[in-house]
Amino acid sequence: MNALELSHLKVMLGEKTVLDDLSFTLAQGQIAALLGPSGCGKTTLLRSIAGLIRPSEGQIRFGKQLVSFSSVHLPPHKRKIGYVPQEGALFPHLNIMENIAFGIDRTIFTKDQIRQTTKEMLALTGMEGFGHRMPHQLSGGQQTRVALARALAIKPSIVLMDEPFAALDAELRTELRTDVINLLRSQNTTAILVTHDREEGLVSADVIALMREGKIVQSGTPEDVYSSPISPALAISTGDALILQASERADGSTDYILNPIKSSSQSITQGHIVIRPEEIKLNRTISASSINGLITKIDYYGHDAMVSIDIAKEHLQVRIPGPFDFTVGEQVALEHVGPLRFFANK
Amino acid sequence: MVTTTPNATHNWPAAHTSSQRAWRVGLNVAVGVVAALSLIPFIYLLVRASDKPFSEISALLLRTKTLEVLTTTALLVTCVVVITLTLGVAIASGLHFVALPFRRLLIIPTVLPLAIPSYVFTYTWVALIPSFSGFAAAVFILSLSTIPYIILATLAGLRSVDGSQIEVARSLGLNYRQTFTRVIWPQIKGHVSAGALLVGLYTMSDFGAVSLLNVETLTVTIQNMYRASYDRSAAAVISFVLIAFSILFVFGDEAIKRRSAKGQIVKTFSVKNSLIRKNYLRVSITAVILIFTIIAVIIPFYVLFSRFFSNPVPIDYTDLARATFATISVAAVGALIALLLSAPIGLLLSGKMTKFGQISNKIIVIGHALPGVVVGLALVSVGSKLGPLYQTTLLLAFAYALLFLAKSVISMSSSLARVPSGVKDVAATLGMNPWSVVRKVIAPIAAPGIGVGTILVFLTAMKELPATLMLRPTGFETLATNIWSAGSINRFNEAAPYALILVLVAAIPTFLISRPDHDDRAYIDNSAGGDK
């Protein structure tokens, strides 16, 4: 059973088409990361799912329920969506308890029940003892926790988070992200996380959806999307990638700088090959048959390093795990150990 | 009254160097002088009132007439505040949230009544309906002329509420009405209360409309006592009643503000408002605005124009030009003086909040509660002892500045508070002394807001009547005094050209203040979805 199903969604803002023929599904309990450059429509997609924008074409289903299709439009307050916009948008006039309790239906639950749920949410998000503070007295990370608690308190069918960690520093970001993902998983909550941090998407989600100009152009598991990009450009959106000139022979062999094929009379297809920097191994055993290059620079990151290497006129970047003992100015042999991803020129 | 206590989260760089210390001392001295100037009317009234023996004061206060007038005033203020609040908040919310046709332009007619002085308003309606008079008529006129205060204040409040909060509230299961009462109203009620305070003070101190409509309020009583018998002590005693009444309002407003959300802004990613496209809302709000425009703008303008053109008496254009020039120049000088006087207190309030700064601010705010009649009375008396200054236009301009100083201070301190504190620090580390920081960094950033405040003083001063009547040099006529001296409705034709020019001249700054182009944060949403 899909918790969320979008099909052929089209959204116009004024005269501008922001989402165009967008389709996507998400199973119950799955977490999706929406990756894409600024302005590609990520926020608009979230707001359409929340019902804050009405699509002009296509349909949206929550489970079996059709919430948006031509004349059908379930208003946002009937969708039970946990929406966490950028910067959290806490209500500045309410304290933390009141913020969290805000969406709990007062006509259904008693005061005690509401208080109980609020306390649970405070505990769940690690914010015990902050209930009586006002939003402006909290740090950015704490505000994000409260915004999430407020969204979860209504037991939403889907949680939508718009770059919730964008404003935080690296350490806090990792910690909070881990907490939030664990929390969502423990509640078996279906969620969509908008981010433009590639690693954040890969590490948190079950499904990665890559967006370009109002469309989801590729989606799949993180491993899938990372290792099998459908175009060189999309390879870059999930991680560093080398895009090298290449040509494919009729016999299936590929000619590129790390695998030069000498003479050939076969018909060839010109194109590019995509290599991840960690798919190239370096070693010191240089021979006449090996592909050799000169180390021109080493960017040291601690756990690994990015080594810049010049081969002939090409300039490659290779990621090597630490510890290592290569130095700048050294000759090294290069070996490509990863899959061949050839993309023919159009 | 927006007694802006800016979010002084940051202190002015600590006064380490001698230039900074000198700056601080200078600022405090300047603020002290301004606060002392604002106290002049109070001190005068106190001295005057104490001329009378206590028994006479209590007899004056307790006589039936006084109580009657007090009741009338209270009733009038209550009616006007309730009506303007209801209509003003509805109109402003409609303009802000609903996809109305020409919504940006629709703001203009809703604030245009600010350009029409209440006495001109009254003239036009009396010209239309000769029997137009009495309490209900006064409520009608004063409500129409003061609604813009509520609309402007509410709009300012609404624009400060981030759209993303509304979206979150909607996603948490609230419909539009619940979103308004639980998210928006708590955050704007401080602004709305400030608008209501302005309406209350305006109504209390209005002289023109009520006296033309034969409604005796405290202001009319004071003016009559002063004019008829020159019994200034009695006038002073009644003035105190009026002041006490006004102070009650100021404190009421402060109490509401204290309980309402603090202006503490949680950093939010600003989201545009998506406009509501419900047809019944679009039609009803547009209808309300149209009706309001017809009775508060079109009818007065129509009457003024038709009287102007049907005027059988030849218009004395030299006189008209002279009065126009006099009005503009005195009001402009008054606005300039107010600007200068409000600079020190604005700077002080935008920095570290001190007790002294707070007290000075309160004094100036309460000074705003003083009606023109009272300030006029005080300055006539003080001025007559000043020799050469008495009966000069400069004294009149100074009276305007004193009367409307609070308007200038409010916009000054809120604009200055908006200057990011980091900017001041950076300027200081780049080697600028405090004065250069003000000149090169703070002033340019805060200028637009301060400009609006100054324009507001200018606009109000042009329309001011009671203080002008008392303080103008003999033979000096402004547009307002010319309109007034036509005296009765029978000679309204003679006053029409002056009224028309005054309204047209005042319409320009009003237009500038309404800033229809200012709201660029909303866009038309395709969603027709709302409450179902």
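In chain B, helix α13 (residues 317–350) packs against helix α17 (residues 405–417) at an angle of about 40°, their axes lying 8 Å apart. The model is predicted.

**Packing of α13(B) with α17(B)**

- The two helices α13(B) and α17(B) are therefore oblique to each other, and their crossing is right-handed.
- On the α13(B) side, the contact is made by A338(B), L339(B), L341(B), S342(B), A343(B), I345(B), G346(B), L347(B), L349(B) and S350(B).
- On the α17(B) side, the contributing residues are L405(B), S408(B), V409(B), M412(B), S413(B), L416(B) and A417(B).
- By class, the residues of this contact comprise 12 nonpolar, five polar and no charged.

**Geometry of α13(B)**

- The 34 residues of α13(B), at 1.5 Å a residue, should span 50 Å, and the 47 Å between its end C-alpha atoms agrees with this.
- Helix α13(B) has a kink of about 35° at A343(B), shortly before the proline P344(B).
- A343(B) is also among the residues of α13(B) that make the contact with α17(B).

**Packing of α5(B) with α22(B)**

- The crossing of α5(B) and α22(B) is left-handed.
- V120(B), Y123(B) and A127(B) of α5(B) meet F492(B), A495(B), A499(B), L502(B) and V503(B) of α22(B) in this contact.
- The contact of α5(B) with α22(B) has eight nonpolar residues, with no polar and no charged ones.

Conventions. Residues numbered from 1 in each chain as written. Chains lettered and ligands numbered in written order. Predicted model: local features only at pLDDT ≥ 70, side-chain atom pairs only at ≥ 80, totals over all residues. Axes fitted to C-alpha atoms, helices over the stretch in contact; angles between N-to-C directions. Helix = DSSP H or I, 4+ residues; strand = E, 2+ residues; numbered from the N terminus. Parallel < 35°, antiparallel > 145°, perpendicular 65-115°, else oblique. Left-handed = near helix turned anticlockwise from the far one by under 90°. Contact = placed C-beta atoms within 7 Å. Nonpolar A, V, L, I, M, F, W, Y, C, P; charged D, E, K, R; others polar. Expected span 1.5 Å × (residues − 1). Bend = angle between axes of the 7 residues up to and from the residue.
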